[in-house]
Amino acid sequence: MLELKNVNTYYGNIRALKGIDLKVEEGEIITLIGANGAGKTTTLMSICGIAPPRSGEILFLGKPIHDMKPDKIVSLGICQVPEGRRIFPYLSVMENLDLGAYLRRDKGKIKKDLDYIFELFPILAERRHQAGGTLSGGEQQMLAISRSLMARPRLLLMDEPSLGLAPLVVKRIFEIIAKINSENRTTIFLVEQNANLALKIAHRGYVMETGKITLADSADRLLNNEEVRKAYLGI
Ligand code: ATP
């Protein structure tokens, strides 16, 4: 579904991505793990056109997207749940969700997707008239995920959904991510520092260090890999 080939991305003179190669197949959960500053967010920003690569190729469903503007990339079916959630704090839960569906033309199906989201996250149904900024951190993460789902993405990019949340909330969010993948057939590319949880729900994983992919394997094998256990799982 998605392929990055020798992708190099710069911020001015800083080379943040150094020849990244990776693949995401339809129906998979892929996780990209790595330390602070490794280049995980930059990888997502390159895919969605916000930090376009200086060289290399990004293919989505076989077509090059590395020269496209972000709005065009969204319209192809790639949607990002950004780090830090970035919901609209003064808009209600319902208005945040409506904005997620802004580019859709199949208006008839939106109500069905909203029902599905309220089934996944009943708390959002209860709070539908409340301002987004008054929700708890975990509820805001649920809203950010739901807002992206309202765009009915084929590929959902998620940037550190566990950031700043209590362990029980994180566990719940990860269960839901797995459910969205299995029930809703949404392909997921998950960037995480919480390597343990991410590898438990992912099919495959990539490890990134200072702008390069250093390991690529099935999630099971990465969970049992000695280097990964020492560096990222604290075991
Ligand atoms: P974290 O887990 O801490 O979010 P990350 O793996 O997502 O880290 P990136 O945010 O992609 O890492 O950063 C990769 C490198 O690019 C870092 O060295 C960072 O300082 C640099 N960088 C990121 N954004 C910018 C920017 N807007 N301008 C200049 N340098 C940047």
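How many of the eight residues of helix α1 are buried? Seven of them are, so α1 is largely enclosed by the rest of the structure. Here, buried means under 20% relative accessible area, exposed means over 50%, and partly exposed lies in between, using a 1.4 Å probe and protein chains only.

## Before you start

This is a predicted model, in which local features need pLDDT of at least 70 and side-chain atom pairs count only at pLDDT 80 or more, while totals for chains, interfaces and linings use all residues. Residues are numbered from 1 along each chain as its sequence is written, and side-chain values use heavy atoms, with hydrogens and water left out.

Helices (H or I, at least four residues) and strands (E, at least two) are DSSP runs, numbered from the N terminus. Two strands pair if DSSP finds at least two bridges between them. Contact means heavy atoms within 4.5 Å. Angles run from 0 to 180 degrees between N-to-C directions, with axes as lines fitted to C-alpha atoms, for helices over the stretch in contact.

## The six-stranded sheet

Let us begin with an open sheet of six strands, in the order β6-β7-β8-β3-β9-β10 and with mixed pairing. Its edge strands are β6 (78-81) and β10 (212-218), each pairing on one side only. From one strand to the next, the twist averages 20 degrees. Strands of a sheet pair through backbone hydrogen bonds, either parallel or antiparallel.

Strands β7 (residues 155-159) and β8 (residues 187-192) run parallel and are joined by five bridges; D159 has V191 in β8 as its bridge partner. Five bridges also join β3 to β9, and these two run parallel, with T31 opposite G205 in β9. Strands β9 and β10, by contrast, pair in the antiparallel sense over six bridges, and V207 has L215 in β10 as its bridge partner. These two strands form a hairpin with two residues between them, where T210 in the turn has a positive phi of about 35 degrees.

Strand β10 also holds S218, which counts as buried at 18% relative accessibility. Leaving aside residues up to four places away in sequence, S218 touches H203 and R204.

## The four-stranded sheet

A second open sheet has four strands in the order β2-β1-β4-β5, with antiparallel pairing. Here the edge strands are β2 and β5 (63-64), each of which pairs on one side only.

Eight bridges link β1 (residues 2-11) and β2 (residues 14-24) in the antiparallel sense. Opposite L2 stands V24 in β2, and opposite L4 stands L22 in β2. The hairpin of β1 and β2 has two residues between the strands, and G12 there takes a positive phi near 60 degrees.

## Helix α1 and the sheets

Now back to helix α1 (residues 40-47), which lies across β3 (29-34), β6, β7, β8 and β9 (204-209), running at about 145 degrees to β8. α1 also packs on the four-stranded sheet, where it touches β1, β2 and β4 (55-60) and makes about 110 degrees with the direction of β1. The buried residues of α1 are K40, T42, T43, L44, M45, S46 and I47. Just after this helix, G49 takes a positive phi of about 85 degrees.

## Helix α4 and its neighbours

Helix α4 (residues 107-120) has 14 residues and reaches 21 Å from its first C-alpha to its last. That is close to the 20 Å expected at 1.5 Å a residue, the expected span being 1.5 Å times one less than the number of residues. Its buried residues are I110, D113, L114, Y116, I117, F118 and L120, and they pack against α3 (93-100), α5 (122-126), α6 and α7 (167-184).

## Two more places to look

What sits over the ring of Y10? The charged end of R54 does, 3.8 Å from the ring centre; the rule asks for NZ of Lys or CZ of Arg within 6 Å of the ring centre and within 35 degrees of the ring normal.

Finally, look at K69 in the loop between β5 and α2 (70-76). K69 is exposed, with a relative accessible area of 61%. From K69 to D113 there are 44 residues in sequence and 26 Å in space, C-alpha to C-alpha.
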